[in-house]
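Reader: I have just opened a structure with two chains and would like to learn how to read it. Could you walk me through it with some questions and answers?

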Amino acid sequence: MLSAILTMTILASLFGLLLGYAAVRFHIEGDPIADQIDQMLPQTQCGQCGHPGCRPYADAIARGEDEINKCAPGGHETIIALADLLGRDPIAMDEDIEIRPPSVAIIIEEDCIGCTLCIQACPVDAILGAAKQMHSVIESECTGCELCLPPCPVECIVMEPIEADIRSWSWPYPGDQPQLAQEETPVEAQA
Amino acid sequence: MISEFALILVSTILVNNFVLSKFLGLCPFMGVSRKLETATGMGLATTFVLTLSSICSYLVNEYLLAPLGIEYLRTIAFILVIAFVVQFTETVMHKTSPLLYRVLGIFLPLITTNCAVLGVALLNIQEQHNFIESAIYGFGAALGFSLVLVLFAAIRERVSVADVPAIFQGNAIALITAGLMSMAFMGFSGLVTG
């Protein structure tokens, strides 16, 4: 009886030790930085940065293959946060990427023909509707990525800026640093 | 000697197929047979683990449990060994062969709970196999498992696009298919006599 208990205990501890050793010896370096970058991105999955989603963009930044200034929904705040995380200087938003004020898509419901094309385009499933039925945008889910605009055959989707009201207003972000960086560079170049 | 090993292989793959004759490992058989690629991955992972774990469990039984006279702890000891082998393999494979790790993917840890693995380990002891016979028995059992899994997945891919009557659709027709396969494999029982 005692030998049985002892054997099982020793066997189990031996296996546990071996597994612990293997976990240390064969440790895989994940890429924790990509996770951190991914957390800072707005997760709109809009693809405006040229990557198929936020995670691939985060991976590309982590590998140093892409700049940090491609995220339109994140805006300057994201650039500053990323620059802070990566120890780089904040840079201006990429020129190809246009920054818009935060907005939501609104479907003009009397024009909607119920084709479901915008539902398929929406990366966050914020559009509700069925075939030949009027569609509607769940505004709290909409990230304002505008991916639903091109597929609409009757152009009944419009973007409406979110008006700052008493609940959504916040202090402006201190210092528009990327803009400053952009202005300073030509001065240095001239000097 | 060689003919004996060949006999074990033929026996485990065709005649005493673990899935279709002994009805072990039915969970992955029904669960991961919807697509041919996943079935192949599962077959590969199972082959790997079954061979390794039947060797390890033989060693543990022969050199640890038998000398101490505690064979009654066989089941729990084998479960421990299998869980350890699977986990260890996964860790090492993740480091050394990321490609194989990706191919086997989630199936590798899932095999820990596959009853065919424990079944093979216990049957090895029951049939008093020696070391090499145990390894071949495990390997053959895994090959047989992979064979019927791949066959079944191929059939299910065809059946899924066939015009099956409404009441037979889904798992019902899959179970009937499995039953027919089992009956077909029973035909092999005349292959080896004695």
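Reader: Which residues does A:Cys115 touch, not counting residues up to four places away in sequence?

Author: Good place to begin, and please keep in mind that this is a predicted model. A:Cys115 sits in the loop between strand S1 (103-107) and helix H5 (117-121) of chain A. With residues up to four places away in sequence left out, the residues that A:Cys115 touches are A:His135 and A:Pro153.

Reader: Is A:Cys115 buried, partly exposed or exposed?

Author: Buried would need a relative accessible area under 20%, and exposed one over 50%. The value for A:Cys115 is 28%, so this residue is partly exposed.

Reader: And is A:Cys118 buried or exposed?

Author: A:Cys118 is found in helix H5 of chain A. Beyond its neighbours within four places in sequence, A:Cys118 is in contact with A:Ile107, A:Ile127, A:His135, A:Cys148 and A:Ile157. Its relative accessibility is 6%, and because the limit is 20%, A:Cys118 counts as buried.

Reader: What is the largest C-alpha distance among the "binding site" residues A:Cys112, A:Cys115, A:Cys118 and A:Cys152?

Author: UniProt, in an unreviewed entry, places the feature "binding site" at A:Cys112, A:Cys115, A:Cys118 and A:Cys152. These residues are spread over 41 residues of sequence, yet they cluster in space. Their largest C-alpha distance is 10.5 Å.

Reader: Where else does UniProt place the feature "binding site", and what is the largest C-alpha distance there?

Author: The unreviewed UniProt entry also gives this feature at A:Cys46, A:Cys49, A:Cys54 and A:Cys71. Here the sequence spread is 26 residues, and again the residues cluster in space, with a largest C-alpha distance of 9.2 Å.

Reader: Is A:Cys49 buried or exposed?

Author: Let's find A:Cys49 in the loop between helix H2 (32-40) and helix H3 (54-62) of chain A. Residues up to four places away in sequence aside, A:Cys49 touches A:Tyr57, A:Asp66, A:Lys70 and A:Ile97. Its relative accessibility is 16%, so A:Cys49 counts as buried.

Reader: Which residues is A:Cys71 in contact with, leaving aside its neighbours within four places in sequence?

Author: A:Cys71 lies in the loop between H3 and helix H4 (75-86) of chain A. At 8% relative accessibility, A:Cys71 counts as buried. Leaving aside neighbours within four places in sequence, its contacts are A:Leu41, A:Pro42, A:Tyr57 and A:Met93.

Reader: Stepping back, what pattern does chain A follow along the sequence?

Author: Chain A has 6 helices and 4 strands. Of its 191 residues, 32% count as buried. Read along the sequence, the pattern is α-α-α-α-β-α-β-β-β-α.

Reader: How many helices and strands are there in chain B?

Author: Follow chain B from the N terminus, and its elements run α-α-α-α-α-α-α-α-α. Buried residues make up 44% of its 194 residues. The count for chain B is 9 helices and 0 strands.

Reader: What does B:Met42 touch, not counting residues up to four places away in sequence?

Author: Setting aside residues up to four places away in sequence, B:Met42 touches B:Pro28, B:Val32, B:Phe107, B:Ile111, B:Phe145 and B:Leu149.

Reader: Which residues in chain A lose the most area to chain B?

Author: The contact takes 14 residues from chain A and 16 residues from chain B. Together the two chains bury about 1,500 Å², 88% of it on carbon and sulfur atoms. On the chain A side, 36% of the buried area comes from the residues that lose the most: A:Met8, A:Phe15 and A:Phe26.

Conventions:
Residues are numbered from 1 along each chain as its sequence is written. Chains are lettered from A and ligands numbered from 1 in the order in which they are written. This is a predicted model: local features need pLDDT of at least 70, side-chain atom pairs count only at pLDDT 80 or more; totals for chains, interfaces and linings use all residues. Side-chain values use heavy atoms; hydrogens and water are left out. UniProt positions are given in the numbering used here, feature names are shortened, and annotations may be inferred rather than shown by experiment. Helices (H or I, at least four residues) and strands (E, at least two) are DSSP runs, numbered from the N terminus. Buried means under 20% relative accessible area, exposed over 50%, partly exposed in between (1.4 Å probe, protein chains only). Contact means heavy atoms within 4.5 Å. Buried area is the accessible area (1.4 Å probe) that two parts lose on being put together, summed over both.
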